[in-house]
Structure formats: C-alpha cells, structure tokens
Amino acid sequence: MSLQRRLLLYLLVCAPLVWGVALYFSVREARHEVNELFDTQLVHLAQQVQATLGQGYPQPDTTPLLPMTAIGGQASGDADVRDLAVTVWDVHGHLALADRDGMALPFRGQTTGFTNLEVQGKPWRLYYLSSSDGQWQVAAGQSLYERDELVYGLTLAQVVPWLLVLPVLLVVMTWAVRRALAPMHRLTDELATRDAQDLHPMPEDDAPTELRPLLGAMNGLFVRIQQLLQRERRFTADAAHELRTPLAVLRAQWDVVRQASTPAERRLAENKLSAGLDRMERLVTQMLALARAESGVIPDMETEIDWPSIVEQTMGDCLALATRRHIELACEWPSPGEHPLPMLGNPHLLTVLLRNLLDNAVRYAPQGSAVVLRFGREHLEVDNDGPPLAPEQLERLGERFYRPDGQRDGGSGLGISIVRRIAQLHGLELRIGTRDDGQGVRARLQFDAAHR
C-alpha cells in the first residue's frame with residue numbers, strides 16, 4: 001500500500017472516530033446545560049407558587065388548566081405547557097391546586113428537592129418544595145422527553161451540516177495529502193530517471209523538513225558509493241598497469257626457456273621464470289588482500305585477539321624467506337602479567353597485517369641481520385637493520401605499488417597499503433621511521449587518538 005493511500009485511510013478512519021468522540025462529549029455537555037437551565041426554571045416556578053400561596057390558603061381546585069392560547073384560539077408561538085406541571089398539596093396530602101398534568105404527580109410529604117420519577121409511564125423530573133410552616137407542599141415537574149428533544153435537536157443541528165460537507169471534506173483531504181506528498185513524488189521521479197553513473201548529491205535546501213534526514217542519508221550513501229567506485233577504478237587501473245610489466249617479463253623468460261640451446265642455459269632460464277612466477281603470485285595475492293580490505297564490507301570486529309597464535313602463524317609463514325636470507329626472527333613480549341596490546345578485532349585481518357609487516361621487514365633487511373617483533377601494552381613494533389628511509393620516501397610510503405628506489409628484492413608495493421587499511425579498520429595508526437638509535441627502520445602500530 002502506498003504512503004498516500006495509507007495516510008488517507010488513517011484520516012478516513014481517525015477523523016470520524018475523533019468526530020464521534022467529540023459528538024459524544026458535546027451531547028453530554030449540552031444535556032448538562034439543558035438540565036441546569038430547566039432545573040433552574042422548576043425551582044423558580046415552585047418558589048413563585050409558594051410565594052403566591054403565602055397570600056392566603058387556597059381552596060382545592062381540581063379544574064385542569066387549559067393549554068395556553070392566544071386571542072382568537074391560535075397557538076402562542078412555539079410555547080407548549082403540556083409537559084410542564086405544577087401541583088400543591090396541604091399538610092394531609094390533599095390536592096389544593098393543580099394544572100392539567102399536575103394532577104398525576106404523586107404526593108411525597110417527606111421529599112425535598114429534585115427527583116426523577118415515572119408519571120403515567122413517562123420519565124419526569126420533579127422538584128418538591130415544602131412551606132416553612134409545613135402547611136403545604138409544592139411540586140413543579142417537567143417531562144424529560146422535552147429535554148431530550150431539545151438536546152437532540154441542538155445536536156442534530158450540528159450533525160447535519162457536518163454530514164453534508166463530509167464528501168467535500170474528503171475531497172479536500174485527498175487534495176491536501178497529494179499536495180503534501182508532492183515533494184516525495186518529485187524525489188521518486190528524479191531518482192527513477194537518474195543515470196546510474198550520476199551520484200551528485202540531491203538538493204536539500206528546498207526539501208521539506210521531514211525529507212531532509214532521508215536526503216542527507218541518501219547523499220551520504222552517494223558519497224560512499226562514489227568513493228568505493230573511485231577506489232575500484234583506481235585499483236583496476238593500478239592493477240592493469242602493474243600486471244603488464246610482470247606478464248611481459250614472464251613472456252620474455254618463457255621465450256628464453258624455449259630457445260635455450262644447452263641444459264645449463266635452460267636451467268638458468270627456468271630458475272628466472274620460476275622467480276618471476278613467484279613475484280606474480282605474490283603480487284596477485286597482495287592485490288586480492290587489498291581488495292578485500294577495501295571492499296567496504298565491515299567484518300566481524302568483536303573477537304578478543306590472541307596475539308601468541310597470530311605471531312606463531314605469521315612467523316611460520318615468513319620463516320622460509322627469513323631462512324633463505326639468513327634473517328633471525330625474534331619476538332619480545334611484555335613483562336609477565338601484562339597483556340600484549342589487548343583489543344577486539346578480526347583475527348584473520350590482523351594475521352594479514354602482521355604477516356605483511358614481518359614480510360616487508362625480512363625482505364628489506366640486510367642478509368644475516370635480525371628482525372624483532374616487540375609488543376607493549378598499547379603498541380606493537382617491528383624493527384629491522386635496513387638503511388633509514390629518506391623523508392621523501394617516508395612521505396610516499398603506503399602509496400599503492402610504490403617501492404623505494406634501489407630495492408633488489410621483488411615486491412608489489414602493496415604491503416604497507418594493506419597494513420594501513422587493516423589498521424584503520426581496527427582503530428590503529430601506523431607510523432614508520434627509524435629506531436630510537438637513529439638506525440634501521442621501525443614500523444609502529446598504536447591506537448589513534450580517537451580510540452584512546
């Protein structure tokens with residue numbers, strides 16, 4: 001069901017319901033006011049009759065009073081006394097004075113004030129008033145039918161116009177709802193006709209207040225999608241550029257293998273081809289890791305990190321390269337009882353992060369030196385004995401496919417980019433510089449200021 005139909009349905013259901021409740025309270029209030037008015041008249045009528053009786057004790061007169069008529073026998077306007085009665089009794093309950101309807105009123109010597117009774121099968125409202133000396137009792141009464149007729153007449157006078165204008169009200173409500181939802185329809189039409197590549201923000205200045213949070217969320221989504229597309233385009237372009245050279249080298253090495261004339265020449269060409277395939281495998285692996293880290297999908301980050309198991313796995317992965325280059329791997333843990341870098345995160349991603357840090361440190365350390373992994377309470381460090389990097393190299397370190405000049409060992413230039421992205425997902429900050437003694441290279445991971 002559309003929002004417009006739903007809103008109209010709510011209005012069509014709620015409006016009569018609220019109107020019915022208001023009508024109920026209006027009838028109740030009108031009845032109270034009518035009763036108050038006529039009760040006041042009954043009190044005044046009884047008091048006037050009592051004052052008249054004070055001029056002399058009346059003789060019993062059971063002759064009914066005729067309806068009020070004007071000269072010529074015509075009814076005097078809208079006046080009607082058929083349902084209004086006055087009766088006077090003496091101290092013994094004998095009828096002393098009564099009009100036509102008052103003769104049917106019951107005598108109640110001990111009653112004073114208002115009471116509701118049935119008189120000749122009809123409900124009446126009676127007011128009893130006794131004289132101060134107790135010689136007679138006056139009763140003034142009125143049929144409740146007259147009061148109900150007045151209340152219903154007043155209510156009907158209000159209900160009929162509302163019923164007559166109800167169709168007009170429904171038409172106006174429908175127009176108002178459509179008018180109010182027009183910005184929503186314009187937004188829907190604009191989004192339906194927008195090109196898939198068009199990610200410019202939707203204007204919010206002229207939008208209704210209720211739509212601005214929605215437009216803000218949509219514009220934020222457009223920005224994130226645009227950033228993701230830009231990363232994907234840049235990654236695709238960089239990958240195509242970087243893969244072109246290794247593929248050309250592999251093709252040339254394959255041609256050398258095919259054209260080798262001696263077994264020794266062939267073995268040398270095969271070794272170079274094997275090394276080229278290893279570099280290609282490493283490049284593809286690093287590119288896939290970077291693509292997963294920048295996919296925009298936030299992995300589960302609520303696992304308590306067990307650093308010993310991660311260190312054992314990553315050092316095992318880097319052991320072959322360290323052995324080949326005669327690099328000693330070492331790990332220094334904090335003092336007993338102090339947990340190394342306690343945090344919640346994704347163990348798989350942190351394994352990739354630490355593997356890349358150790359792999360870079362081993363790959364670019366001088367042969368026969370050492371690589372040390374050191375844990376603290378709020379940081380971890382990876383040190384090697386490589387030559388210190390120049391400031392301009394440190395500034396560019398972490399750019400995709402960037403490798404400092406003079407590097408002999410093969411690499412993809414993606415390791416630091418992967419480390420930075422995974423660190424960012426875990427609220428960590430990567431800093432690369434020299435050791436405290438001004439020698440070697442140190443990569444330090446610590447919580448950034450926003451997560452301290």
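Helices in these legends are DSSP runs of H or I with at least four residues, numbered from the N terminus. The model shown is predicted.

**View 1. Packing of helices α1 and α2.** Helix α1 spans residues 3–53 and helix α2 spans residues 144–180. The two pack at an angle of about 160°, and their axes lie 10 Å apart. Angles over 145 degrees count as roughly antiparallel, and α1 and α2 are therefore roughly antiparallel to each other. Their crossing is right-handed. In the contact of α1 with α2, the residues comprise 20 nonpolar, 4 polar and 5 charged.

**View 2. A nonpolar patch on the surface.** The patch is formed by L12, L156, V160, W162, L163, L164, V165, L166, V168, L169, L170 and V172. Together these residues have about 1000 Å² of accessible area. Helix α2 contributes the largest share of the patch, with 11 residues. W162, one of the patch residues, lies in helix α2.

**View 3. The salt bridge between D39 and R125.** The side chains of D39 and R125 meet at 3.0 Å, taken from N to O. A search of the whole structure finds 19 salt bridges.

How values were computed:
Residues are numbered from 1 along each chain as its sequence is written. This is a predicted model: local features need pLDDT of at least 70, side-chain atom pairs count only at pLDDT 80 or more; totals for chains, interfaces and linings use all residues. Side-chain values use heavy atoms; hydrogens and water are left out. Axes are lines fitted to C-alpha atoms, for helices over the stretch in contact, and angles run from 0 to 180 degrees between N-to-C directions. Angles under 35 degrees count as roughly parallel, over 145 as roughly antiparallel, 65 to 115 as roughly perpendicular and the rest as oblique. A crossing is left-handed if the near helix is turned anticlockwise from the far one by less than a right angle, and right-handed if clockwise. Ala, Val, Leu, Ile, Met, Phe, Trp, Tyr, Cys and Pro count as nonpolar, Asp, Glu, Lys and Arg as charged, and the others, Gly among them, as polar. Patches are made of residues with over 30% relative accessible area and no salt bridge: like charges are joined within 9 Å, nonpolar side chains (Val, Leu, Ile, Met, Phe, Trp, Tyr) within 5 Å. Accessible areas come from the Shrake-Rupley method with a 1.4 Å probe; for residues, only the protein chains shown count as cover. A salt bridge is a side-chain nitrogen of Lys or Arg within 4 Å of a carboxyl oxygen of Asp or Glu.
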